[in-house]
Amino acid sequence: MDDAAVVQLSPELAIVLTTDFLTPIVDDPLDWGWIAATNSISDVFAMGGRPVAALNILAWSRCLPQEMLGDVLTGGQAAAEAAGCMIVGGHSVDDKEPKYGLAVFGTVHPQRIIRNRGAQPGDVLFLTKPLGTGVITTATKLDAATPEELDAAVASMRLSNRGAAEAALAASVRAMTDVTGFGLAGHVMEMLDPDGPLGARLVASALPVLPGALVHLAAGRSPGGAGRNRQAYQGRVRVASGVAEDLEALLYDPQTSGGILAAIPPECVEKFLAEAARHGANTWRIGQFTETGAIELAAE
């Protein structure tokens, strides 16, 4: 199901409402604030909406420095500005474990709402950010990730999905969602009918991967959520012989502030690529929708 709620106010106006927040995903407070806010706003873009205003949601421990709190809020403000959204207030509570995110208000035309269902067989599946944020942040907590690996993951998580979503809308996208905690497998599954014939063929070699993610997966540095995702979704996943185990495991890695998954009609692919380039958004063609009723992971 979609993570945002939609309320139609008139024949030409609907509002999109969503809320999300995170415990610290990285050590740097400014990066954490930026990532948490970007993650919160992403649901509005994934439904074809335009974020307008947001409220800070903050849980903070009195034991933590106030300067750190200022950095978190500065990061959130920067992310909102990048998304074209205003932060107009918020609410805070005392808590032993800090948490931060946004409640976001956006607008969309009722006839232009994009859901995570509606793809058709033959539609091309694109992803707009690399996978592996769960693996890299887990490896960082274990002091196993390099600074370069963490920097690449942070840059990806901070990147707004605004340009990618606008490119998809311009290319007549049929279904769209963003990749977060359910991992790639879970969010592709959302785009399929629960018991229907629609399936998806993913190409393992085409999956974009953050630097170092496969190395850490091979070493067993995987977040706990990956195991829960595998248990929930592997029954409908078919893996071809020749696909490396770490690439299969990547399907279940829970993402924070992941990319857009877009079902683009074949005749609109070139339009999507051109619009994505114009908006400075990355794109990876990772597969195609089928009539198998399952997610197939092919080697090539």
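Select Ser 172, which is partly exposed with a relative accessible area of 43%; buried means under 20% relative accessible area, exposed over 50%, and partly exposed in between, with a 1.4 Å probe and protein chains only. This is a predicted model, in which local features need pLDDT of at least 70 and side-chain atom pairs count only at pLDDT 80 or more, while totals for chains, interfaces and linings use all residues. Residues are numbered from 1 along each chain as its sequence is written, and side-chain values use heavy atoms, with hydrogens and water left out.

Ser 172 lies in the loop between helix H5 (162-170) and strand E7 (175-178). Helices (H or I, at least four residues) and strands (E, at least two) are DSSP runs, numbered from the N terminus. The phi of Ser 172 is near 60°, a positive value in a residue other than glycine.

Now step back to H5 itself. Its buried residues are Gly 163, Ala 164, Ala 165, Ala 167 and Ala 168. Which elements cover the buried residues of H5? Among them are helix H1 (29-46), E7, strand E10 (260-264) and helix H10 (269-279).

Next, display H1 together with helix H4. The axes of H1 and H4 are 8 Å apart, and the two helices pack at an angle of about 40°. Axes are lines fitted to C-alpha atoms, for helices over the stretch in contact, and angles run from 0 to 180 degrees between N-to-C directions. H1 and H4 are therefore oblique to each other; angles under 35 degrees count as roughly parallel, over 145 as roughly antiparallel, 65 to 115 as roughly perpendicular and the rest as oblique. To see the contact (heavy atoms within 4.5 Å), show Leu 30, Asp 31, Trp 34, Ile 35 and Thr 38 in H1, which meet Val 154, Met 157 and Arg 158 in H4. These residues of the contact of H1 with H4 divide into 5 nonpolar, 1 polar and 2 charged. Here Ala, Val, Leu, Ile, Met, Phe, Trp, Tyr, Cys and Pro count as nonpolar, Asp, Glu, Lys and Arg as charged, and the others, Gly among them, as polar.

Why is H3 described as largely enclosed by the rest of the structure? The reason is that 7 of its 9 residues are buried. They are Thr 133, Gly 134, Val 135, Ile 136, Thr 137, Thr 138 and Ala 139, and they pack against H4 (147-158) and helix H7 (213-218).

The axes of H3 and H4 come within 10 Å and cross at roughly 135°. In this contact, Thr 133, Ile 136, Thr 137 and Thr 140 belong to H3, and Glu 149, Leu 150, Ala 153 and Met 157 belong to H4. The residues of the contact of H3 with H4 divide into 4 nonpolar, 3 polar and 1 charged.

Move on to Asp 143, in the loop between H3 and H4. Is Asp 143 buried or exposed? Asp 143 is exposed, with a relative accessible area of 73%. Its phi is positive, about 60°, although Asp 143 is not a glycine.

Finally, select Ala 14 in strand E2 (residues 13-22). At 1% relative accessibility, Ala 14 counts as buried. Leaving aside neighbours within four places in sequence, Ala 14 is in contact with several residues, including Val 6, Leu 9, Val 108 and Ile 113.
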